[in-house]
Amino acid sequence: MQQTLEEKIRNRKAKVGIVGLGYVGLPLAVEFAKAGFDVIGIDIDESKVAKVNAGESYIADIPQGAFGPLVRSGKLRATTDFGVVAQLDTVNICVPTPLRKTKDPDMSYIVSSCQQIARYFHKGMLVILESTTYPGTTAEIVLPMLETGDLKVGRDFFLCFSPERVDPGNPKYQTANIPKVVGGSTPACTEVGALFYSQALEKVVPVSSTQVAEMVKLLENTFRMINIGLANEIAMMCGRMDINVWEVIEAAATKPFGFMPFYPGPGLGGHCIPIDPFYLSWKTKQAGIEARFIELAGYINGQMPLFVVDKVQNALNDHGKPVRGSRIHILGVAYKKDIDDVRESPALDIIQLLERRGAKLTYSDPHVPHLRFDSKELCSDEASMAKADCVVIVTDHSGFDYQTLIEKAPLIVDTRNALKGVVSDKIVRL
Ligand SMILES: NC(=O)c1ccc[n+]([C@@H]2O[C@H](COP(=O)([O-])OP(=O)(O)OC[C@H]3O[C@@H](n4cnc5c(N)ncnc54)[C@H](O)[C@@H]3O)[C@@H](O)[C@H]2O)c1
């Protein structure tokens, strides 16, 4: 079974399925189609399926026109019908793994997509879970759904976990050149999984089990989350002592060893850093271990929108204006630079907190024309910036005209050091 599948993979005859065509799944589907495989994307969202089949990209990192030729040549197509799994040799699962309000993992997307896959699952398949999740998910949730009847993992089918490390908006590292960690349920599974990825991606890093691969992702993102928490706490300390935290970090980063710069900001955002560490703390709690670093960093990072709002209020007061009734313009609402993703964006909290204090809010973001949250709907309105009493830079998109902003705005709160090096009384930094 292993040899047959490996041969199909080497000859590019394996039929590849990607379940979940979002930020992770679509780029992966495109890479495998480019490598010469017949790829079918499966998604429950009909509009995404229609766009893929029309060769239209809805992911900012995939330029328009990048996969149209692959669709036209029949190498890439999409469907909402899981029945195609019956024809597939491999399936990568890239569905969402959000947290519930209680910070418990929401496994429902993994479970429902696996239930669908299981209906059409057959001998000789390779299944790889890519969604970020707690250690043990592949073995405890996915494996029992597939290892039914007399099907045996490592003999009749192959199961792996491979963490997705894509970094939206990163021009240097994208799906193809980010090393791919993969761990299988058995050594044979790891071998097949590693062979599969090596056909389309530059570097593959095999590890000994699905649990190790799951934990790799959580270590990476917990490392980031905790270090950002430290940078945020240092920013609060520096704020009290009237020290420029950005200058401190920049100078510390000249040390050629033993220091890696992390930067403060208005709060964590996106689908990974604010969420993934809580998968780990949830899991370890069951083993009686409190993940104290994670909880503490989560608390500090969670305070940042409030810290920013207090800065804005103080800055307005220093300019003789109460926050109530003031016009505040939020510049940038995506959770990070040069992307269009507002999931968990601190801008949403900042808008809400300022509105609660009576301010009148507007925003502009060339990547986010409309903002819908909490039964509110706002439209990006650059012109309103000219009338604002205070402009808050929440996202430091490269396309912003900072020069005009400095000339025209009466007061600027810069949470990203976007105005680095500019000396002016009207700029308040984090
Ligand atoms: N976005 C990132 O930067 C990033 C980076 C690394 C890891 N991840 C992880 O990868 C996973 C996917 O994230 P994403 O950002 O691509 O999410 P996304 O929301 O952009 O895409 C997920 C897709 O899955 C589809 N979907 C949901 N349920 C489905 C089902 N039952 N069957 C088929 N399709 C279904 C949705 O319609 C959507 O198109 C998550 O676990 C996330 O934590 C994301």
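A residue is called buried under 20% relative accessible area, exposed over 50% and partly exposed in between, with a 1.4 Å probe and protein chains only. By this definition, 53% of the 430 residues in the chain are buried. The model is predicted: local features need pLDDT of at least 70, side-chain atom pairs count only at pLDDT 80 or more, and totals for chains, interfaces and linings use all residues. Residues are numbered from 1 along each chain as its sequence is written, and side-chain values use heavy atoms, leaving out hydrogens and water.

**Overall dimensions**

The C-alpha trace spans about 75 × 50 × 45 Å along its principal axes. The radius of gyration is taken over C-alpha atoms, and the globule rule is 2.2 Å times the number of residues to the power 0.38. For 430 residues a compact globule would have a value near 22 Å, and the chain, at 24 Å, agrees with this. Helices (H or I, at least four residues) and strands (E, at least two) are DSSP runs numbered from the N terminus; the chain has 13 helices and 15 strands.

**The sheet**

Two strands pair if DSSP finds at least two bridges between them. Five strands form an open, parallel sheet in the order S10-S9-S13-S14-S15. Strand S10 (360-364) and strand S15 (427-429) are at the edges with a single partner strand each, so one side of each has no neighbour in the sheet. The twist averages 20 degrees from one strand to the next, where axes are lines fitted to C-alpha atoms (for helices over the stretch in contact) and angles run from 0 to 180 degrees between N-to-C directions. Three bridges join S14 (residues 412-414) to S15, and Ile412 stands opposite Ile427 in S15.

| Helix | Strands | Angle |
|---|---|---|
| H11 (residues 292-318) | S9, S13, S14, S15 | about 155 degrees to S13 |
| H12 (residues 346-356) | S9, S10 | about 175 degrees to S9 |

**Aromatic contacts**

Rings of Phe, Tyr and Trp (its six-membered ring) pair if their centres lie within 6.5 Å; planes under 30 degrees apart are stacked, over 60 edge-to-face and the rest tilted. The count is ten aromatic pairs. In one of them, Phe121 and Phe157 have ring centres 5.0 Å apart and planes at 85 degrees, so the pair is edge-to-face. These two residues are 36 residues apart in the chain, and both are buried. Phe32, Phe37, Phe196 and Tyr197 form one aromatic cluster.

Note on methods: Contact means heavy atoms within 4.5 Å.
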